Amino acid sequence: MFRKRMRVAPFVLAVLLATGLVPAYRPALAQQASPVAPTRAQAQMVVTEAYEKFRNETGGKNADYIPVLAQVDSKLFGIAVATTDNQVLAIGNTDFAFSIQSISKVFSQALAMEELGPDVFFLKIGSEPTGRAFNSVFAVADMPTHTGNPYVNAGAISTVSLISGKTADEKWNKILNFYSRAAGERLTLLNEVYKSEAATNTGNKALSMLLAKYDRIYADPFESVDVYTKQCSVGVTVVQLARMGATLANNGKNPATVEQVIKPENVPYILSTMMMAGLYDGSGGWAWKVGLPAKSGVGGGIVAVVPGKGAIAVFAPPLDEAGNSVKAQKVIEYVARKLDFNIYSPRSVGLKPGGPVASK
Ligand code: GLN
């Protein structure tokens, strides 16, 4: 009886699969790359919960020192998860292109490191948290490296100055092309944002001159500020941003195009920089609560990378005092807790309390 059933079962299953009566096997989220990644159903549930829980959150305020950002609808809200095995979950305003702003700094760091390698990059820029606002002049004057790290404006402008190219246009095209390869599709400049920022960026110009005083900028200061301003004005949807993060989670290889965009050996340096300085002077609190490398931008985006598994990107314009999206922080914290993503927790590699302990 038992045997007979065993012989029939595969045949019946094959027929059911062929006729579509049983859904084809759907791989769990990112589990090819990471055996401890959540299932797609778990992730879908938690992301939907987070969306519902925080959609009416009203804390924070749009950035307004770049005039055009104050006009973006504060209620826009989108979440996307992209995985190392090229699955995407998305909810909310997922096709609105917002300015990438400071999240761009991660990918310019990556590009400069492609050209220079980690050691030279570290010497020229460094990776020390400043404990100050992202546009601080004091940090440039006070810190021994002056540049601080590649995610404060001074360090980011200096990073742009390291990227090779005969003209500013050549550098800019190289940057845009690199970001596009990380996203897996062609990204474009939001011209309105660029014009608005270029008309008001006296503070960044001042930073570039101060860097010049300390010999910590490596090309023409104002030209570097202009290319930097363009890179901050690149438009991304939350899905594109999640895909850029998934490229980092996948050791630098874009999961959708399968192109090795970033050298794998550079990725840990980039992620550690994100952990220390990705949310500016909010970075310590973020590492404490969430434990994921992440990067924010004043356009309202944040992307958090879950190494080996994927990335979560959230867009919601209102910011806290440090310049980080209020809703995006809440969503990522919620999702990371529910799905055991904190990289400092043994749960992130599948060890549950009461699990195996080292033998004596
Ligand atoms: N383009 C913005 C600036 O230079 C970027 C700042 C940010 O996103 N924190 O001020």
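Lys-263 is partly exposed, with a relative accessible area of 33%. The model is predicted. Lys-263 sits in the loop between α11 (238-249) and α12 (267-277). From here the briefing moves to the whole chain, then to helix packing.

- Lys-263 and Ala-110 are 153 residues apart in sequence.
- In space, their C-alpha atoms are 8.5 Å apart.

**The chain as a whole**
- The protein chain has 14 helices and 8 strands.
- Of its 360 residues, 52% are buried.
- Take the contacts between residues at least 6 apart in sequence: 67% of them join residues at least 24 apart.

**Helix α10**
- Helix α10 covers residues 221-232.
- It has 12 residues and reaches 17 Å from its first C-alpha to its last.
- That span is close to the 16 Å expected at 1.5 Å a residue.
- α10 is mostly covered, with 9 of its 12 residues buried.
- The buried residues of α10 include Pro-221, Thr-229, Lys-230 and Cys-232.
- Ser-224, Val-225, Val-227, Tyr-228 and Gln-231 of α10 are also buried.

**Where α6 meets α10**
- Helix α6 spans residues 153-162, and its axis comes within 9 Å of the α10 axis.
- The two axes cross at roughly 105°.
- Angles of 65 to 115 degrees count as roughly perpendicular, so α6 is roughly perpendicular to α10.
- On the α6 side, the contact is made by Asn-153, Ala-156, Ile-157, Val-160 and Ser-161.
- On the α10 side, Ser-224, Val-225, Val-227, Tyr-228 and Gln-231 take part.
- By class, the residues of this contact divide into 6 nonpolar, 4 polar and no charged.

**Where α6 meets α9**
- α6 also packs against helix α9 (residues 202-213), at an angle of about 70°.
- The axes of α6 and α9 are 9 Å apart.
- The 65 to 115 degree range applies here too, and α6 and α9 are therefore roughly perpendicular to each other.
- The crossing of α6 and α9 is right-handed.
- α6 contributes Asn-153, Ala-154, Ile-157 and Ser-158 to this contact.
- α9 contributes Asn-204, Leu-207, Ser-208 and Leu-211.
- The contact of α6 with α9 has 4 nonpolar, 4 polar and no charged residues.

**Residues of α6 in both contacts**
- Asn-153 and Ile-157 take part in the contact with α10, and Asn-153 and Ile-157 also take part in the contact with α9.

Notes
Residues numbered from 1 in each chain as written. Predicted model: local features only at pLDDT ≥ 70, side-chain atom pairs only at ≥ 80, totals over all residues. Heavy atoms only, no water. Axes fitted to C-alpha atoms, helices over the stretch in contact; angles between N-to-C directions. Helix = DSSP H or I, 4+ residues; strand = E, 2+ residues; numbered from the N terminus. Parallel < 35°, antiparallel > 145°, perpendicular 65-115°, else oblique. Contact = heavy atoms within 4.5 Å. Nonpolar A, V, L, I, M, F, W, Y, C, P; charged D, E, K, R; others polar. Left-handed = near helix turned anticlockwise from the far one by under 90°. Expected span 1.5 Å × (residues − 1). Buried < 20%, exposed > 50% of the residue type's maximum accessible area, 1.4 Å probe, protein only.
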